[in-house]
Amino acid sequence: MAPSTVDGPSNGSAKKEEEGTAPSLFEIDDSDLSRLLEKPRPVNIERKRSFDERSFSEMSINISPPRNNFYRTSDNSSRVFENLEGVYSPGRWTGTPRSGYFEPHPIVGDAWEALRRSLVNFRGQPVGTIAALDNSSEELNYDQVFVRDFVPSALAFLMNGEPEIVKNFLLKTVFLQSREKKVDKFKLGEGVMPASFKVLHDPVRNTETILADYGESAIGRVAPVDSGFWWIILLRAYTKSTGDTTLAEMPECQRGIRLIMTLCLSEGFDTFPTLLCADGCCMIDRRMGVYGYPIEIQALFFMALRCALLLLKRDNCESDECIDRIVKRLHALSYHMRSYFWLDIKQLNDIYRYKTEEYSHTAVNKFNVIPDSLPEWVFDFMPTRGGYFIGNVSPAKMDFRWFCLGNCVAILSSLATPEQSCAIMDLIESRWQELVGEMPLKICYPAMESHEWRIVTGCDPKNTSWSYHNGGSWPVLIWLLTAACIKAGRPQIAKRAIELAESRLLMDQWPEYYDGKLGRFIGKQARKNQTWSIAGYLVAKMMLEDPSHLGMISLEEDRQMKPQMRRSASWAF
């Protein structure tokens, strides 16, 4: 498949590809986009009870009366944050702290300048930020706007009172979703979002086109499962930050949400509510043994389901059916993840003592995991106090690796209970050297080495031990850690990590990732001036300075879905 492009007038409709001929350009009328971007819309910023507080059960029936907003901390006590839910962006960043929590760091100004240099314009309007501005290395695809990479940039602009670029991006990508997508002769699902897009300028015709990639150009040719989830999460963040519900209520955005949900909720041979995925379908976009049911995808799936539930309108049969399916899936998914993916010292001991070859509904070892397959490192890694969601669970397979993004999103989406959120924070504090070291944060832990690395990665020269996705340290993850720490009531952990990052990021020219067990060395193939490293730092800084920003990326625990289990409950149900 040739990547899809957007250009010229055609009233937003796609020109069909003819078999055996070169694919034609997909076109969107310039006036269509201008109409959507420029049409005046009323902004609703009433400070009412957030719709995030409605339970899944309430959403499936009706809207309950308003209640007071409050924020649940990890100690299961109520902690008040002023309008944490229903927050409206307080305005542009001035560099002057309002909370008095810390003094502004000198690199903040440099970070904003670098972020603005990365802006990409399409016909005079900003539509995203490129992956990296590193002139010392070959561009490859780092000159494109990636959906997942743009999320921290979008949050930074929203927190700074600049929502227009985010609105433009959301509209542009939902138009790209509607294009026909084919890899060789196979047509991709209608709801697939692009992994990235690139703006091309033709100086002869003086025109601009958008070239979209849906995975057909990616390493391994894998479609980006996480792109659609991040798009829904970002749409909800835009709505929460601006108070403007009209964008999400547009027919194009409502259809976009339904298409993504239909793709994920389609019936098949699955016996689990989790989403089956190929290797390389998310931030870890190379072969790393995360095929099956990776925690990153399951946590994003859960959060996207909850955001979609809040954004969809009950105004037609399609939406009603979609909402009902979302509610049912959320109940099943939260139970499955909290029951089978959660690991603490008691669970570890239970697995260590498992019997195998059990048959019947009373089986304790439901996935027939062989105790001898437990890696030796996990016994030393697991602290007495603490726990985390493991990397993967499927028949006869448990991936005990720690994955940062999945665990942080689990906290933000309230997939993790308050007790589990507290346990994840305990683990990070107890294993600071391993998970943070000298540069936050490990994308996964531990790294695969020698024979395991050869078998699982296929001798991938980029994912050698303690490098890139294989135990590398990624500064972008600091925004997720900060958000999770604030939600769990442990901001001091984030503050400590941010101070570590500030000591090197500008001096090292904002690298993509760091190598080594402690994250001491700039990655051997890391791009400099990596946009999401810059944006991730700014978002973390602004959230710590003004915790009310957390509202746009955090969801409260649903009170109707509290699990009937203790923190260290056995896997026997």
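**Exercise 1. Identify the residue of strand S10 that is the bridge partner of Val199, and describe how S9 and S10 are joined.**

Solution. 
Step 1. The bridge partner of Val199 in S10 is Ile210. The model examined here is a predicted one.
Step 2. Strands S9 and S10 run antiparallel, and seven bridges join them.
Step 3. The hairpin of S9 and S10 has four residues between the strands, and Asn206 takes a positive phi near 55 degrees there.
Step 4. Strand S10 covers residues 207-213; five of its seven residues are buried, so that the strand is mostly covered, buried meaning under 20% relative accessible area.

**Exercise 2. Determine which residue forms a salt bridge with Arg255, and state where in the chain the two partners lie.**

Solution. 
Step 1. A salt bridge requires a side-chain nitrogen of Lys or Arg within 4 Å of a carboxyl oxygen of Asp or Glu.
Step 2. The closest N and O atoms of Arg255 and Glu190 are 2.7 Å apart, and the two residues form a salt bridge.
Step 3. Arg255 belongs to helix H8 (residues 251-265), whereas Glu190 lies in the loop between strand S8 (186-187) and strand S9 (196-202).

**Exercise 3. Is Arg490 buried or exposed, and in which network of salt bridges does Arg490 take part?**

Solution. 
Step 1. The side chains of Arg490 and Glu429 meet in a salt bridge, at 2.8 Å from N to O.
Step 2. Arg490 lies in the loop between helix H17 (478-487) and helix H18 (491-502), while Glu429 is in helix H14 (residues 418-430). The two residues are 61 residues apart, and their pair links distant parts of the chain.
Step 3. The relative accessible area of Arg490 is 11%; because this is under 20%, Arg490 is buried. Glu429, at 37%, is partly exposed.
Step 4. A network of salt bridges links Arg490 and Glu429 with Arg385 and Asp426.

**Exercise 4. Explain why Lys495 and Glu499 are separated by about one helical turn.**

Solution. 
Step 1. Lys495 and Glu499 form a salt bridge, their closest N and O atoms being 2.6 Å apart.
Step 2. Both residues are in helix H18, and because they are four residues apart there, about one helical turn separates them.
Step 3. Lys495 is partly exposed at 24% relative accessibility, and Glu499 is partly exposed at 43%.

Note on methods:
Residues are numbered from 1 along each chain as its sequence is written. This is a predicted model: local features need pLDDT of at least 70, side-chain atom pairs count only at pLDDT 80 or more; totals for chains, interfaces and linings use all residues. Side-chain values use heavy atoms; hydrogens and water are left out. Buried means under 20% relative accessible area, exposed over 50%, partly exposed in between (1.4 Å probe, protein chains only). Two strands pair if DSSP finds at least two bridges between them.
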